[in-house]
Structure formats: C-alpha cells, structure tokens
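Dear colleague,

Please find below the structure that I am handing over to you. My notes on it follow directly after it.

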Amino acid sequence: MKTTRLTRAVALTAAVLTAVAGCSSGGSSDAGGTTTVNWWTWSPDQAIAYQQCIPAFEKANPDIKVKITNYNVSDYFTKLTSGFVSGDAPDAFMNSVTFLQSYAGQGQLLALDDYIKKENLDLGKYAIGTEGWKYKDGKQYALPMDWATGALYYNKDLLAKAGYSDKDVAALNWTSADGGTFWKMVKHLTVDTAGKRGDQPGFNPAAVKTYGLGNLESTGDPFGQNAWGWLLPNDGINIPDKQQWATVFNYNDPKVVQSVKLVRALTNDGFTPKLNQFTTGNSQQVGSGKIAMVVGGTWEAATYAGLKGTKVGTAPLPAGADGKRALMTNANGNNLWAGSKHPDQTWKWVSYQESEECQTTAATYNASLFPSIAASMKALADQQTAKGTDFTVFNNYLTSGELVPCPIYNNGAALTNAMTPQFEAYFTNKADESIFPKMQDQSRTMLAEGK
C-alpha cells in the first residue's frame with residue numbers, strides 16, 4: 001500500500017458494512033466455457049504492472065480470462081463496500097490491513113488456508129506481510145502483495161555545500177530526547193535568505209530560502225504513519241499497545257508527546273515548511289532547492305531518481321540511539337471475495353499474481369512496486385542498479401530484518417476520521433498537549449467498539 005496511499009481513502013470510508021451480500025456475482029462465465037475473473041486495485045501503477053502478468057497466466061489457463069479494474073483511491077473502498085452489499089463485488093481485490101477487521105468480521109473474505117494446504121504453498125517465500133493478514137480466528141485471509149516504508153531523499157549538491165557526505169546521511173540517528181544527529185543536520189541544512197544557517201547566530205526563521213527537511217507533520221492517519229510515525233519505532237516507541245488488535249493508542253506516553261513536540265517545534269522554528277505550505281510535491285521542492293532533504297515513501301524512489309538536473313541521494317531512515325532500526329511497513333493483501341461464483345479460478349489468478357514469476361514481472365515493469373518476495377525484490381534492485389539507480393537501501397531493508405509490520409487494529413476508518421483533525425489542530429498550533437490524554441481515552445473506546 002502505498003500505504004499513504006490509503007490515508008485519504010480511510011478518511012472517506014466512514015461507514016462500516018451494514019449488510020452482508022445476499023446473491024453473489026463476481027466473475028462471469030462466457031458462452032465458450034471461459035470464466036472471467038475480476039480483480040480490483042486503487043493503484044494505477046499496480047494495475048498496469050499486473051497487466052503484464054496476464055498473457056502468461058491466460059496462456060497457461062486458457063479457460064480463464066482476467067479483467068483488472070483500477071478505481072481512484074478516494075472512491076475505491078466505497079465502491080467495494082457497495083459491491084459487498086449489492087452482490088457484485090470483484091472476485092478478488094487489493095486491500096489494506098486497515099479494513100481486515102471489518103471485512104473479515106462481516107464474512108466478506110474467503111479464508112485461503114485450504115487452498116494453501118492443498119497446493120503446499122510455501123508462505124516462507126514472502127519476506128514481509130504474511131502474519132499481518134491473519135485474522136482473529138487464526139486463518140490466513142490474504143497473500144502479501146508488496147511492502148512500503150520510508151527513506152531519506154536528499155539534494156546531493158545542497159548537502160555537499162553544507163559539508164556532508166553520503167556516509168554522513170546514512171549514519172544519522174534519531175531520539176525522542178532531542179532529535180539526535182538527524183535534527184542537528186536538518187538545522188544546519190536550513191538556510192535563510194541572508195545565507196545564515198539554522199544553527200548559526202542571526203538565523204531568520206521568517207525568511208527561509210532552503211528548508212533542511214520537508215514537512216513531517218502527517219495528519220492523515222492515527223499515528224503519523226507516513227512521516228513522523230516512521231521515526232518513533234527506531235527509538236523503541238510504539239503508539240499501539242499491541243502489534244495486533246491493540247486495545248489503546250498510547251498518545252499520552254511521555255516519549256510520544258515529546259516526539260510530536262519535537263516535530264512541531266521543527267516547523268515552528270523555521271527548519272521545515274508549515275503543513276500544506278507548498279502546493280507542489282516534495283520531489284519538486286528537492287529539485288528546486290527549496291528543501292534539502294525529505295522523509296519520503298519507498299514508492300517514490302523512481303520519482304526522485306528521475307528528477308532532471310538534480311542529483312538525489314537515497315539513505316535509510318535514521319537509526320535509534322542504539323544504532324538499530326525498526327521500520328514500520330505496510331503490506332497490501334490480495335483478498336478473495338467470499339461471494340465469488342468462481343473461487344477456484346480466482347485462486348488460480350491470485351496465487352499466480354503472488355508467485356515469484358509474476359511479482360518479478362510486475363516489479364521490473366514498474367519500479368514503484370516493491371514485491372514482498374525477497375527474490376523478486378532482488379531482481380528489481382539488480383535491474384535498477386543496471387540502469388544507474390541505486391536501490392541498495394531498499395533491498396537491505398528487506399534482507400536485514402529491519403522491517404516490522406504495520407499495526408493491525410479494529411475500527412480503522414473511524415479512528416482515522418476521529419484523530420486526523422486533532423493532529424491537524426495540534427500541528428497548526430490550535431491545540432496543545434492537553435489533547436493527547438483525551439485522544440488516548442477516545443482510542444480505547446473506539447478500539448473496543450470495533451470488536
């Protein structure tokens with residue numbers, strides 16, 4: 001998922017399923033004896049990438065045709081929910097773990113355990129994401145499709161001018177106490193219109209020419225997943241009290257409060273731009289020199305590498321004080337709809353999608369797709385290296401054991417809708433730290449309601 005990737009959709013999907021589909025639809029059978037399997041995604045990149053797998057699949061399975069449909073992320077989950085209720089949902093679809101609880105709890109997902117056992121499918125080939133798609137009943141409801149986390153992208157010329165090397169960026173650390181060497185670098189990279197750096201006397205935060213870091217004040221999910229939330233686990237901080245089926249989000253933990261205060265102070269003091277200050281994306285700001293460095297998603301790697309006229313470096317996110325990383329990652333899943341008329345044919349397509357052959361084909365066609373199969377990820381990294389783009393950082397993420405699954409919890413859409421405006425109020429200085437104990441109590445109630 002580009003797992004942002006999901007935040008807008010989650011916020012827009014406030015309603016939980018209120019009915020279980022009666023009559024089923026899904027794939028269709030043609031007059032010639034062929035079956036059409038319908039597969040949905042919200043990602044145009046993945047739609048195009050997996051389209052490349054269809055010819056080989058249909059050649060091996062001449063009685064099955066595959067139709068891929070891509071919907072805008074803002075409409076996707078609403079359409080999916082409507083399809084469950086009306087009985088014309090797709091046979092299979094890409095899904096976020098945010099909706100595992102509601103969809104599985106309503107009986108809309110087909111457990112895959114029998115298929116996996118019958119084919120003796122080795123789940124060990126997936127380097128990340130498998131455990132995240134087990135529901136409370138212990139059954140496996142999806143095969144992991146991909147993974148995504150954060151990385152540092154930086155303007156090499158601006159860092160060299162500030163006296164930093166690639167090795168300096170790769171060796172950064174971050175702590176909740178003071179931001180570590182990461183915060184120090186950000187301040188030194190910030191330059192005002194008079195040429196004063198952020199760590200020099202006379203620096204003017206009201207007249208910044210180049211910000212040391214892009215904005216970290218993510219508000220689109222319950223724990224800053226695509227910005228500041230990537231840093232916390234590296235220092236041993238977890239907002240959910242449990243990795244799976246949390247009972248409370250510990251917003252009022254002193255380390256959490258201190259961490260979020262550090263992020264807001266970075267903006268208030270002029271070292272990062274204000275929330276929504278720029279109308280163009282971070283990559284354009286890095287390319288233009290308005291931002292020296294950003295915390296961005298792995299799915300943006302090809303975009304930064306493709307910037308013309310700018311040398312962009314890539315480094316791992318800062319480690320914790322102990323030198324270790326724990327990088328929160330999303331792994332989207334491939335679900336089968338329980339109402340499909342053709343589950344066996346659908347499984348054939350889904351299991352092929354999640355094979356090394358197809359994952360390698362899809363990933364090497366579109367480099368924004370990071371496959372969850374380690375062998376396919378290596379094939380992507382090797383391909384990009386041959387093209388002159390270094391994907392070593394990302395391949396190391398997958399092979400080093402630094403990736404940790406994104407938390408799984410109840411009532412995801414409702415929690416996002418409730419917490420997003422409160423984080424936004426905090427980061428725009430319309431609220432103070434007094435909101436965090438209230439948010440923590442609210443999360444406890446909402447997580448219990450979602451069971």
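A residue is called buried when its relative accessible area is under 20%, exposed when it is over 50%, and partly exposed in between, using a 1.4 Å probe and protein chains only. This is a predicted model, in which local features need pLDDT of at least 70 and side-chain atom pairs count only at pLDDT 80 or more, while totals for chains, interfaces and linings use all residues. Residues are numbered from 1 along each chain as its sequence is written, and side-chain values use heavy atoms, with hydrogens and water left out.

I begin with the salt bridges. A salt bridge here is a side-chain nitrogen of Lys or Arg within 4 Å of a carboxyl oxygen of Asp or Glu. By this rule there are six salt bridges, and three of them are described in this message.

One of them joins glutamate 402 to arginine 325, with 3.5 Å between the closest N and O atoms. Glutamate 402 lies in the loop between α16 (392-400) and β13 (403-405), and arginine 325 in the loop between β10 (312-315) and β11 (327-329), so the pair ties together parts that are 77 residues apart in sequence. Helices (H or I, at least four residues) and strands (E, at least two) are DSSP runs, numbered from the N terminus. Glutamate 402 is buried, at 17% relative accessible area, and arginine 325 is buried at 17% as well.

Glutamate 131 pairs with lysine 134, their closest N and O atoms being 3.5 Å apart. Glutamate 131 is partly exposed, at 48%, and lysine 134 is partly exposed too, at 29%.

Aspartate 441 has a relative accessible area of 47% and arginine 444 one of 40%.

Helix α18 itself deserves a description. It comprises the 15 residues 435-449. The expected span, 1.5 Å times one less than the number of residues, is 21 Å, and the end C-alpha atoms are 21 Å apart, which agrees.

Which residues of α18 are buried? They are Ile435, Phe436, Met439, Gln440, Ser443, Met446 and Leu447. The face turned away from the buried side carries the exposed residues Lys438 and Glu449.

With kind regards
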